[in-house]
Amino acid sequence: MAGKPVQRKRRPSIKDVAALAQVSSKTVSNVLHGQIFVADATRSRVLRAIEELDYRPDPLARNLRSGRSGILAVAVPNVEVPFFAELTSRIVIAARARGYTVLIDETSGVREREVDLLTGIAPLLADGVIFSPQEISRSQLTSLLRRTARQTPVVLLGEHVIGLPVDHVLIDNVAAGADATRALIALGRRRVAAIGLPPGYDDPQEHADLRLQGYRQALEDAGLPYDPHLTVAAGARRSADGASAMTSLLALPEPPDAVFCMTDLLALGAVRALYEQGRSVPEDVAVIGFDNIAHTQFSVPTISTISPDKTAIAEAAVELILQRLAGSNKPPQVVEVRHDLIIRESTAGRRRPARRRR
């Protein structure tokens with residue numbers, strides 16, 4: 001006997017989303033296209049319905065109607081760095097929920113590649129660009145954005161350049177750096193080092209690194225002197241750089257009793273160097289990182305860290321692009337996303353495992 005024909009599951013429609021969210025199909029369309037006049041509560045309800053139904057707009061039909069590609073370009077310095085990998089993944093999820101495909105580019109933090117991103121094929125191919133600059137200068141970036149952003153919306157991420165005439169998503173890095181440092185000071189530590197100053201800055205007072213500003217602010221608030229010997233450059237802010245910097249700090253006549261690392265990778269390297277030198281974390285040296293990458297939950301000890309809300313960063317960046325595509329003429333927006341201080345074993349110590357009962 002011939003088998004029964006397979007019944008394919010019907011693809012959810014915009015009407016299904018509207019019914020579940022208890023709104024009109026037009027409202028669902030407005031949310032998908034980033035219209036700015038949808039109430040936040042309504043937008044959240046629609047997005048939950050989209051996720052629950054796994055609704056995917058038909059990109060071919062939409063693009064034929066709008067003349068758009070249905071693609072967003074995301075450019076980060078290095079996709080192997082866990083923070084950027086995790087953030088990019090969240091951007092992909094946020095874009096997919098709105099029917100967009102993401103094209104990922106890696107600039108390697110090289111100025112020429114960052115320039116190529118804004119002058120090459122990405123702005124022509126994509127409907128919008130989400131960009132985390134690292135090396136490009138303020139003046140050069142301003143000039144490029146004046147040309148690129150006229151045709152293709154651009155959203156900047158991070159703290160490298162602030163105050164440019166495009167939308168920008170970031171956290172309060174000064175407050176975050178201060179929170180991390182205050183957490184160490186609250187433990188009673190008085191020689192708090194900072195690892196992560198980019199190379200080439202001999203005088204930290206001349207450098208605008210916002211996390212470093214927060215570090216210095218917390219020291220000042222606690223009445224602790226700033227010691228330039230406790231502020232160490234760390235190259236690309238990778239684990240090997242953290243280990244090297246920590247080793248140099250331990251060689252000081254008066255080594256630190258706590259360290260604020262400006263990335264979690266630096267913190268992981270610092271903890272390894274302390275282990276190899278026979279120092280206990282946090283008993284001898286307390287360590288706190290920045291980024292809350294997944295690795296920090298499984299290291300020994302687990303790493304205390306500053307946790308930016310990566311999902312909120314991704315959602316805000318995609319939403320800003322869609323608002324511009326929908327015709328928003330608002331002045332450039334700066335969206336500041338929350339951060340949290342996550343306390344783990346590298347500052348709180350490890351719990352002893354409970355004894356088994358016989």
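Student: Let's start with Phe84: buried or exposed?

Tutor: Phe84 is buried, with a relative accessible area of 14%. Buried means under 20% relative accessible area, exposed is over 50% and partly exposed is in between, using a 1.4 Å probe and protein chains only. One thing before we go on: this is a predicted model, where local features need pLDDT of at least 70, side-chain atom pairs count only at pLDDT 80 or more, and totals for chains, interfaces and linings use all residues. Residues are numbered from 1 along each chain as its sequence is written, and side-chain values use heavy atoms, with hydrogens and water left out.

Student: Ok. What kind of aromatic pair do Phe83 and Phe84 form?

Tutor: An edge-to-face one, 5.4 Å centre to centre with 70 degrees between the planes. For the rule, rings of Phe, Tyr and Trp (its six-membered ring) pair if their centres lie within 6.5 Å; planes under 30 degrees apart count as stacked, over 60 as edge-to-face and the rest as tilted. Phe83 is buried too, with a relative accessible area of 14%.

Student: How many aromatic pairs are there by that rule?

Tutor: Two. Besides Phe83 with Phe84, there's Phe260 with Phe290, a tilted pair at 6.4 Å centre to centre and 45 degrees between the planes. Phe260 is in strand S8 (residues 258–261) and Phe290 in strand S9 (residues 286–290), 30 residues apart, so this pair links distant parts of the chain. Helices (H or I, at least four residues) and strands (E, at least two) are DSSP runs, numbered from the N terminus. Phe260 has a relative accessible area of 0%, and Phe290 comes out at 0% as well.

Student: What sits over the ring of Phe290?

Tutor: The charged end of Arg211, 3.6 Å from the ring centre. That counts if NZ of Lys or CZ of Arg is within 6 Å of the ring centre and within 35 degrees of the ring normal. Arg216 does likewise over the ring of Tyr226, at 3.8 Å from its centre.

Student: Switching topic: which residues touch the most other members of the largest nonpolar core?

Tutor: Leu157, Val169, Ile195 and Met246, out of 70 residues in that core. Helix H13 (residues 310–325) gives the most to this core, with nine residues. A nonpolar core here is a set of buried Ala, Val, Leu, Ile, Met, Phe, Trp, Tyr and Cys residues joined through side-chain atoms within 4.5 Å. Another core, of 18 residues, lies apart from it, and includes Ala73 and Phe131.
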